[in-house]
Amino acid sequence: MSVPASTPALEVRGLVKHYPGVKALDGVDLVVRQHEVLGLVGENGAGKSTLLKALVGLVVPDAGEIRVRGEAVKLRSVVDAADHGIGMVFQEQSLVPNLTAAENILLGGEGPGVRRGVYRWDAMRRLAQEQLDKIGSNIDPLVRTDALSFADRQMVEIAKVLRIEQRSQHPPVIVLDEPTSVLESKEIETLFAQIRRLREFASVVFVSHRLDEVLEVCDRVAVLRNGQSVGEVAAAGAVPRELHRMMIGSTGSDDHYHENAAAVVESGQPRLAVRGLSGTSFQDVNLDVAAGEIVAIVGVHGSGREDVCRALFGAEPVTAGEIWMDGKKIDISGTRAACAAGIGYVPAERKTEGMVGPMSVAENMTLAKQRARCAGPFVAPGKQATVVDRWIDRLSIRTPGRDTPIQRLSGGNQQKVVLARWLVGGDIRLLLLDHPTRGLDIGARSEVYRLMRELAASGVATVLLADSLEEAIGMADRILVMNDGRVVSEVGCPAGGKPSPLDLVKEMV
Amino acid sequence: MFAVLSPRFRSIENVQNMVDAAAVLAVVTCGITFVLLMGSIDLSAAGVMGASALTVSLLVANNRNDNDLGLLGIGVAVLLGCAFGCLSGLALVLLKVPSFMATLGVSAVGLGVATLMFAGVQPNISDAMLKGWAIERFLGLSYLTWIAATCVLVGWLLQRYTRLGRYAFAIGGAEEVLALSGVRVKPYKVAVFAVAGAFYGLAGVMVTSQLGAGLVQAGSGYDFSAITAAVVGGTLLTGGRGGVLHSAVGVLLVVVLTNGLVQIGVSPYWQGGVEGLIVVAAVAAAVIPQRRRNQVVK
């Protein structure tokens, strides 16, 4: 069966996917032409990852259709997708670390490499070598995968994905999800050369946060925002600024970040003073945060900012440095000491680290500050009800009641409960917010921003690891840029005098 | 150390004794290693061995009935072990019962079946071949030891050259990746438990040969010793690392230690406790490199 060259390799029409409380995809359209490298960009929460999962059968959309070479298909599993010639290189590398490269490349489709369940290692090596030759890689197929560098593992993954050529007679569609996030710049060059090779016999969907990279390697770039396609541009001649504007849309008018409510920062002694903090992935970090101030730390993946944030809460070991709160030196060798010092931490992984899913709103809210609901060693139901209901009311948490399991709430309301956990004690002085709006829709995000403003106004100091640069710039009074474990610059960020994202990006990479 | 403390430890006979004593444990450990490689655990060895011991002693020439099936009887006992393994595996993948609970249950079932067959009268075997396994020697080592050595070899081949063995590794390494690669994991899990069960079945037969009779308690204590041996040998309880050869070394270490303790005059009453301490210490030593703060251990 031959397909006219004008037929798109892959076409997505009106794709819709709901999650409880969030509309992840809201009618996405996407066209991938034959032998094209299509860039896909969007802010966190724009729906990129859900769209990619739908393309490889990991997510079944609620509505809309996916067409492969003009033919509508239903993709229910990775195998389905592979049968239609769609394969994905996952963001978190999906190789079995304790197997050889050859086994990983051939995993699930060893063919003549395994006869009646018995391995023919020479055949395995030969088949894997064929795959590696396609991408011009000189990795030894029989080396254990965990002995390879990140870049080599990625080559193994690409070699593995190319196996789908055997399942489908047509040129494959290869999806690369944030392939550059763990690579060095030289390795990125190699990867780009590889992508250009792939174009000869495949179509490629390339997802990245780094817009300059996207423009460098792609033919065309499609932009997603809030689960919708908001446009596409030809990469030739386009500038990152243009893409950026499409990604964030026009937020200036409606004061998304409640900048008018920004607190007045008190000068004088800082609430938090960090001196020379060092750990495994960060060195010599100095940081001051005043009461009422919001300081954002920005940096690319691997900059060490997450670890700094966790170290401030005593959840990450430090090798050197001092931490002072309101002029008093504190010892944060564990999270207990941090809690006692009035520090609260909202973790990035809400579902696994932020909350106990099956437990009630009340239990989750009083988890860290048991004293708020207890009389002596016993839980005082009346006291608990009063405290919890007060915070449900004050943060306008939408829940059927305080006894509802937190996992039944929408993401935004869950996050408010997690935030309230630090507020019920009444002794909060510093909040560490690690991606507090991750996975939330626009409305919920806005509410979290409003809460942050209110808390700042009441004198709470905040360290924010924002989900996007826009968020950091919108919310912060000051921004610290981290690169490779060190703070490389500090940028004032007052309302009315915000820096541009591109200036920050320059420092980050 | 033991060689210094006790001259008897050094003797040829004692070395032969130790290797012979290691035979049954080696076979059990071979089986359990595959389960541990997947990151699961298997506590069914004692029950499966009891059932297989009674089965074999009632099927070969014995004082309870007129059966005299010889090798066929041994085969049936091994198959029975295999079936018990299947049962554990199916409970794990179909009913989602965690492996430690599923296999603990299967162990109890095995003991129950064995008790039913025992029926209050101990079956003594008179089958010359089976009795001979424990007594006759080849190159100074008993037949049982050669059987165990064969099992280790077969186990190593399984692990190195079969899809079953390689996938056991892969399941322990990154199970999600297998699923994302379109591999159906469940059948392999069941098969691994079945293979392990077959090893336990054979071990039950070997114990029967040693004792000359079928006892319900034939496998008593082997489940724990086998896990100890595998862990001491370097197979991780979290799966993905180690292997049959590692475990064989672990078996020798454990047997040398137990034997050494006896030879230097430590009361046998102490041995159980010492073995317990060893396994906890070995596991602690194995996880030191990967310990992380705030790591949740269940």
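**Figure 1. The domains of chain A.** Chain A is divided into domain 1 (10-248), domain 2 (253-342 + 429-509) and domain 3 (355-426), with bounds that come from an automatic or database domain assignment. This is a predicted model, in which local features need pLDDT of at least 70 and side-chain atom pairs count only at pLDDT 80 or more, while totals for chains, interfaces and linings use all residues. Residues are numbered from 1 along each chain as its sequence is written, and chains are lettered from A and ligands numbered from 1 in the order in which they are written.

**Figure 2. Where domain 2 of chain A meets domain 3 of chain A.** The C-alpha centres of these two domains lie 25 Å apart. Nine residues from domain 2 and eight residues from domain 3 make the contact; two residues are in contact if their C-beta atoms, placed from the backbone, lie within 7 Å. On the domain 2 side, helix H15 (residues 442-457) of chain A supplies the largest share, four residues. Helices (H or I, at least four residues) and strands (E, at least two) are DSSP runs, numbered from the N terminus. By class, the domain 2 side has seven nonpolar, one polar and one charged residues. Here Ala, Val, Leu, Ile, Met, Phe, Trp, Tyr, Cys and Pro count as nonpolar, Asp, Glu, Lys and Arg as charged, and the others, Gly among them, as polar.

**Figure 3. The interface of chain A with chain B.** Look here for 19 residues of chain A in contact with 19 residues of chain B. On the chain A side, helix H2 (78-83) and strand S8 (118-119) are the elements that give two or more residues. H2(A) gives the most, with three residues. The chain A side divides into 13 nonpolar, four polar and two charged residues.

**Figure 4. Chain B as a whole.** Its secondary structure comes to 13 helices and two strands. The radius of gyration of chain B is 19 Å, close to the 19 Å that the globule rule gives for 298 residues, so chain B is as compact as a globular protein of that length. That radius is taken over C-alpha atoms, and the rule is 2.2 Å times the number of residues to the power 0.38. Along its principal axes, the C-alpha trace of chain B spans about 55 × 50 × 35 Å.

**Figure 5. Helices H3 and H10 of chain B.** The axes of H3 (residues 12-37) and H10 (residues 185-211) of chain B come within 8 Å and cross at roughly 170°. Because of that angle, H3(B) is roughly antiparallel to H10(B), a label for angles over 145 degrees. Axes are lines fitted to C-alpha atoms, for helices over the stretch in contact, and angles run from 0 to 180 degrees between N-to-C directions. Contact residues include B:Val24, B:Gly31 and B:Phe34 of H3(B) and B:Phe193, B:Phe199 and B:Met206 of H10(B). The residues of this contact divide into 18 nonpolar, one polar and no charged.

**Figure 6. Close-up of B:Leu164.** B:Leu164 is found in helix H9 (residues 163-180) of chain B. B:Leu164 counts as partly exposed because it has 18 C-beta neighbours inside 10 Å; a residue is buried with 20 or more, exposed with 12 or fewer, and partly exposed in between, with C-beta atoms placed from the backbone. Leaving aside neighbours within four places in sequence, B:Leu164 is in contact with A:Gly117, B:Leu158, B:Tyr188, B:Ala191 and B:Val192.

Terms used: Parallel < 35°, antiparallel > 145°, perpendicular 65-115°, else oblique.
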